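Opening my notebook on this one.

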Amino acid sequence: MTSYTHPADVRHLFELQRQASREQVEVPMLVRRERLLRLGKLLDEHAAVLAAAVQADFGIRSQRLTEVADFFVLRSQLAHTLKKLSRWMKPQRMSTPLYLLPARGWIERQPLGVVGIISPWNYPVQLALGPAIDALAAGNRVMIKTSELTPHTSAQLAGLVAQFFSPDEMCVVQGDAAVAALVASLPFDHLVFTGSTAVGRKVAQAAAANLTPTTLELGGKSPCIIDADCDLQDAALKIAHGKLLNAGQTCIAPDYVLLPRGKEGLFADAYRAAVARLFPYFEGNPDYASIIDSRHLGRLRTMLQQAQTLGAQIEVMAAQRDTPPPPPTSIGDGVARQMPPTLAFGVTQDMQLMQEEIFGPILPVISYERLDDAVAHINASARPLALYWFGKSDAVRDSVLKRTVSGGVTVNDTLMHITHDRLPFGGVGDSGWGGYHGEQGFLRFSHQKSVLAQSRFSAGAMLYPPYGPRFDRIMRLLKRLF
């Protein structure tokens, strides 16, 4: 199904965009707004087609799930960007030091040029077009390389983008890892990659050859800390929602739970009840997404089997009512790839479950004696993309946040920080670098050019050579200013 863009065509598209970006360095606000409005029209008129393509790629994934997880996020981001664009574009006046007066200084926010986006398969519309919104708002040209694991969505996106944009404005290229490697090797003015840490390292290395700055959104093992005083039923419901949205195939999904020792049974009961509330059945449930393909399903089953062999206690959630017939929109082996939610107790660091991002509906639970032990466990590992804390004490919350480093945090919920339009989304360390969304995204894809307009009565001339007693007197005077 995947349509491959020939390498020569990829390079040609890039050169088109690069030349256009150099010929039109300044991109007026009206042009930027019009491009964003076109993108909004694309979503408004073709959301159903795109959602059906996502459904076809996953086998089973509710169009309503795509509506909330892809389109809602994009529409919110787009509306916020259009509302704030004129303010973001304004030159920023800077106060001038006394020794430079009466000169004036300001910062101009200019387009970088051409922004490349290598997007993943798990949210194939949101994570392709989300960075594109910020890049277009900043006045850039955009090339998107979509995932080969979602060929239907990639093909639809490529066709729709070509329908709404000229190729020197924005385009979509398709293909396998070789095409992605080619895209990563092009001399973009900025490159965005969303995916695994292992592939992110390769992308960063390829970009470094061109001195291309990168934004890497990589994921990792995002912890949930449950404090002793939290409402366990409420926490379990929110953790289950965050974990099982898209069957756990979410970069900021809770990857494991840190639980006060002695509450394992209570948490298991609360989690089981939460799962039953969200998904009364799994097989054929259109709201409960399939694992993307058989290879990923096999990886998850291997991880689970290894953990059980090494002593973990595995609890697979049972359906609460009989399974109805599979939805008519499911195709292929989508039902067979609906992996039931699973808890894993007694996990250890030598298990694969605790060594790599799970990206599926398996939730390890680690018991701790003291909160300090939970914090130490997090700090002994690579810094995560997200951290979640559940509890009632603001003081304890603040202590945890000050003693840990993560890309972002949601308190007493999961996932929700990514939906806040004014909060930048991004990782730190092994979970990535750089952030976008809102003004921070606009700035990420802008060059902030410093400008100093000198006056004809410049005081700086007093510092010109030849140096002598007058120079020494002026320097003594200037030293008093600091």
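**Cavities**

I began with the second largest cavity and sorted its lining by class: 4 nonpolar, 3 polar and 3 charged residues. My classes: Ala, Val, Leu, Ile, Met, Phe, Trp, Tyr, Cys and Pro are nonpolar, Asp, Glu, Lys and Arg are charged, and the others, Gly among them, are polar. The residues are Gly220, Lys243, Gly248, Thr250, Cys251, Ala253, Pro254, Asp255, Glu357 and Phe359. The volume of this second cavity comes to about 30 Å³.

Housekeeping before I go on: this is a predicted model, with local features needing pLDDT of at least 70 and side-chain atom pairs counting only at pLDDT 80 or more, while totals for chains, interfaces and linings use all residues. Numbering runs from 1 along each chain as its sequence is written, and side-chain values use heavy atoms, with hydrogens and water left out.

How I searched: on a 1 Å grid over the protein atoms alone, a cavity is a set of points where a 1.4 Å probe fits but cannot get out, whereas a pocket is an open set with protein on both sides within 12 Å along at least five of seven lines; lining residues have an atom within 4 Å of a point. Points are joined across faces, edges and corners, and a volume is the space filled by probe spheres set on them.

How many cavities of 30 Å³ or more does the whole structure hold? I got 2. The largest cavity is about 70 Å³. I listed its lining as Phe72, Val73, Ser76, Gln77, Ile418, Thr419, His420, Asp421 and His437. That splits into 3 nonpolar, 5 polar and 1 charged.

Next I looked up the largest pocket, which has about 1300 Å³ of space. It has 46 lining residues, and Phe193, Gly195, Ser196, Thr197 and Val199 are the closest to its centre. Two or more lining residues come from each of α6 (177–185), β6 (190–194), α7 (197–208) and α10 (294–309). Helices (H or I, at least four residues) and strands (E, at least two) are DSSP runs numbered from the N terminus. Which element gives the most to this lining? It is α7, with 6 residues. By class I have 20 nonpolar, 15 polar and 11 charged.

The second largest pocket has a volume of about 450 Å³. I found 23 lining residues there, with Val68, Ala69, His241, Leu245 and Leu415 nearest the centre. At least two residues each come from α3 (63–89), α4 (126–137) and α8 (232–244), and α3 gives the most, with 6. This lining has 15 nonpolar, 6 polar and 2 charged residues.

**Salt bridges**

I counted 26 salt bridges (a side-chain nitrogen of Lys or Arg within 4 Å of a carboxyl oxygen of Asp or Glu). Arginine 61 pairs with aspartate 70, closest N and O atoms 2.6 Å apart. Are these two buried or exposed? Both are buried. My cut-offs are under 20% relative accessible area for buried, over 50% for exposed, and partly exposed in between (1.4 Å probe, protein chains only).

Glutamate 369 and arginine 261 also meet in a salt bridge, at 2.6 Å, N to O. Glutamate 369 sits in the loop between β12 (362–368) and α11 (371–379) and arginine 261 in the loop between β9 (256–260) and α9 (264–278), so this pair ties together parts 108 residues apart in sequence. Glutamate 369 is exposed at 57%, and arginine 261 is partly exposed at 49%.

I then checked arginine 272 with glutamate 315, a salt bridge of 2.1 Å, N to O. Arginine 272 is in helix α9 and glutamate 315 in strand β10 (residues 313–316), so they tie together parts 43 residues apart in sequence. Arginine 272 is partly exposed at 31%, as is glutamate 315 at 22%. I also noted one network, where salt bridges that share partners join Glu34, Arg35, Arg38 and Glu169.

**Tyrosines**

Tyrosine 388 is in strand β13 (residues 386–390) and counts as buried because its relative accessibility is 0%. Tyrosine 99 is in the loop between β1 (92–94) and β2 (104–111), and at 36% relative accessibility it counts as partly exposed.
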